[in-house]
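User: I have a model to go through with you. Please set each label against its definition.

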Amino acid sequence: ENADPQKTAFILRKQWTLYSVTPLYKFSSAHLKDYGRQLGAFIAAEKQKGLAVEVGVELGIKVAVSSLPDLRGSDQDHAAVLVQLSLKSSASRKKTEEKLVWSGWFCSVAGDDLSVNVLEDFTCLPLFLANGAESYTSLVGTWFQKTFDCCFRRLVISPLILTWMAALWTGYKVDKTSSAMELVFSVPCLPQPLDISYAIHTEDAKALWDAVQKTPGEITQEEVDVFMDCLYSHFHRHFKIHLSATKLVKVSTGIASAHCDGIIKFLQSQHLIRVLMLLTELAISQIQ
């Protein structure tokens with residue numbers, strides 16, 4: 001339910017872009033260092049517009065590929081894989097001069113449904129999260145696709161899934177008082193973009209959800225709909241605006257925030273595994 005805060009600190013409070021990834025062919029956790037050297041050579045070659053670069057030669061970008069065994073839901077899940085790109089200053093060869101410029105990680109949290117349906121030579125890491133320049137994301141994605149015969153796709157989050165996130169994250173118990181829940185709605189059919197932000201005190205949202213949910217630990221679509229309808233009715237009573245006629249584009253809670261474009265920010269390590277379980281399920285549904 002909870003991840004080790006020290007080992008997951010690099011994840012928190014950063015903006016991650018979500019992707020779904022098909023199973024990787026002939027991927028091996030025993031060769032992560034080799035993958036790092038090969039990816040580094042590929043990036044260096046691409047940056048020099050195709051000129052060949054010897055594997056292992058330092059050309060400004062250092063690539064590190066490592067394992068994150070704590071970021072999984074069960075022993076059946078493959079350990080998460082972290083890829084980090086650091087920029088090495090040409091003025092100094094000291095390690096302290098390296099600056100992390102891009103991070104990405106593959107994971108599968110409770111992704112058993114996909115794992116049992118693939119052949120032995122394939123590794124299932126269906127969820128990929130990237131933080132940094134899109135140019136680096138493209139380079140890393142291209143190398144992985146060519147090397148392991150997989151495919152990356154941007155993972156978008158529908159308004160329906162956002163309502164589930166709002167309900168789920170509101171219902172999670174937290175150790176400390178968190179910030180208010182905020183829902184952002186986009187108003188359609190206007191000449192200029194217009195968003196409506198709706199903030200609800202955490203205690204009020206939690207009390208409403210507790211009143212709506214019938215069986216703790218089990219959530220139904222009907223309960224999520226009732227929860228959102230109550231929020232819509234309250235808003236209409238005060239502002240005479242029908243939020244049901246708009247599009248929900250973002251949900252923010254003390255647990256995490258998620259945007260329909262497939263952008264997520266984890267705000268605390270508590271319940272991180274639960275959040276990753278939902279994102280893994282979304283990634284698998286896109287693959288299938």
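User: Why is Leu85 called buried?

Analyst: Leu85 has 0% relative accessibility. Buried means under 20% relative accessible area, exposed over 50%, and partly exposed in between, using a 1.4 Å probe and protein chains only. Leu85 therefore counts as buried. This is a predicted model: local features need pLDDT of at least 70, side-chain atom pairs count only at pLDDT 80 or more, and totals for chains, interfaces and linings use all residues. Residues are numbered from 1 along each chain as its sequence is written, and side-chain values use heavy atoms, with hydrogens and water left out.

User: Where is Leu85 found, and which residues is it in contact with, leaving aside neighbours within four places in sequence?

Analyst: Leu85 is found in strand S4, residues 80-87. A strand is a DSSP run of E with at least two residues; a helix is a run of H or I with at least four; both are numbered from the N terminus. Contact means heavy atoms within 4.5 Å. With those neighbours set aside, Leu85 is in contact with Ile43, Lys62, Val63, Lys99, Leu100, Val101, Trp102, Tyr136 and Val140.

User: How is the protein chain divided into domains?

Analyst: Domain 1 covers 5-154 and domain 2 covers 159-260. These bounds come from an automatic or database domain assignment. Their centres, taken over C-alpha atoms, are separated by 34 Å.

User: What makes a pocket, and what volume does the largest pocket have?

Analyst: On a 1 Å grid over the protein atoms alone, a pocket is an open set of points with protein on both sides within 12 Å along at least five of seven lines. The largest pocket has a volume of about 670 Å³. Lining residues have an atom within 4 Å of a point. Here there are 26, of which Leu168, Tyr172, Gly217, Ile219 and Arg274 lie nearest the centre.

User: Which element gives the largest share of that lining?

Analyst: H8 does, with 7 residues. Each of domain 1 and domain 2 supplies at least three residues to the lining.

Terms used
On a 1 Å grid over the protein atoms alone, a cavity is a set of points where a 1.4 Å probe fits but cannot get out, and a pocket is an open set with protein on both sides within 12 Å along at least five of seven lines; lining residues have an atom within 4 Å of a point. Grid points are joined across faces, edges and corners, and a volume is the space filled by probe spheres set on the points.
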